[in-house]
Amino acid sequence: MKIATWNINGVKARIDNLLTWLKESQPDIACLQEIKSVDDQFPRMEIESLGYHVETHGQKGFNGVAILSKLRFDEVNRRLPGDDSDEQARFMEGVFSTERGALRVVSLYLPNGNPLGSEKFLYKLAWMDRLERWAADRLMLEEPIVLAGDYNVIPQPEDAKNPEAWLNDALFQPESRGAFRRLANLGFTDAVRASTDDVLYTFWDYQAGAWQKNNGIRIDHLMLSPEAADRLAAASVEKHVRAWEKPSDHVPVVIELN
DNA sequence: ATGGTGGGCCTCCCA
């Protein structure tokens, strides 16, 4: 079972890359973030023709998440509980039946939170608090759960080429990193970090030649419940996708579960 | 180096 996450930075601008990547990588389930599309403009036909079921949770202009799956969806839950006034499309959960039982996969797009001291930073921390509460509740199901997405959190200094450059950024604040660590301490395993000590980045800014200098950060993560972590066979970052024409600034991260 | 690049979309917002 191959599960991937990719912030594609606009599904309509990235449809050719997305189709190329799906054919090449062949994930069973792909979580997308920043689709920047409303649901009825999502290019579902092209994706369905590759054998995927498509569920989206979009909004106009910004944000938006989707899950593509070769398995049929038993259930889809949109929106992260905990704030009924939150209109931003950043979270959806799909539930699937596998030969080994239920599998839950979340596609999440955690708020960026910049600049520090703003409402946006408070929103990020509140969103992470809601995520922690939701995850703690889901853990009681004792099922394999994969929380995949763009967390907009650099967990550790080794997850950035130039950590000192991020000291005043919301992605590397003690509060952001602490909230990510609390999620881990609930019992969720960072699949990539559990698989390798290699320096791996998932995002390179479009600006200032960041890609050419390998000035990257690791902010796209797959967090696994104990029942999912027990089945983790491999994890990798598909870095070559960043070198394609018209790339997203993020690359896909992929895990294999037994 | 207080710029730089890119997507969405219509005037700037977001990253």
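Trainee: Which residues does D150 touch, not counting residues up to four places away in sequence?

Mentor: Contact means heavy atoms within 4.5 Å. On that basis D150 touches N7, Q33, L108, Y109, L110, I219, D220 and H250. This is a predicted model, in which local features need pLDDT of at least 70, side-chain atom pairs count only at pLDDT 80 or more, and totals for chains, interfaces and linings use all residues. Residues are numbered from 1 along each chain as its sequence is written, chains are lettered from A and ligands numbered from 1 in the order written, and side-chain values use heavy atoms, without hydrogens and water.

Trainee: Where is D150 found, and is D150 buried or exposed?

Mentor: Strands (E, at least two residues) and helices (H or I, at least four) are DSSP runs numbered from the N terminus. D150 is in strand β8, residues 145-150. Buried means under 20% relative accessible area, exposed over 50%, partly exposed in between (1.4 Å probe, protein chains only). D150 has 1% relative accessibility, so D150 counts as buried.

Trainee: What is the place of H250?

Mentor: H250 is in the loop between β13 (232-237) and β14 (253-257). H250 counts as buried because its relative accessibility is 3%. Leaving aside neighbours within four places in sequence, H250 contacts W6, N7, D150, T202, F203, I219 and D220.

Trainee: Which side chain makes a polar contact with the side chain of H250?

Mentor: A polar contact is a pair of N or O atoms within 3.5 Å; within protein, one must be able to donate a hydrogen and the other to accept it, and residues adjacent in sequence count only if both atoms are side-chain atoms. The side chain of N7 makes such a contact with that of H250, at 3.4 Å.

Trainee: Which residues does the UniProt annotation "binding site" cover?

Mentor: UniProt positions follow the numbering used here, feature names are shortened, and annotations may be inferred rather than shown by experiment. The unreviewed UniProt entry puts N7, E34, D150, N152, D249 and H250 under "binding site". They are spread over 244 residues of sequence but cluster in space, with a largest C-alpha distance of 12.9 Å.
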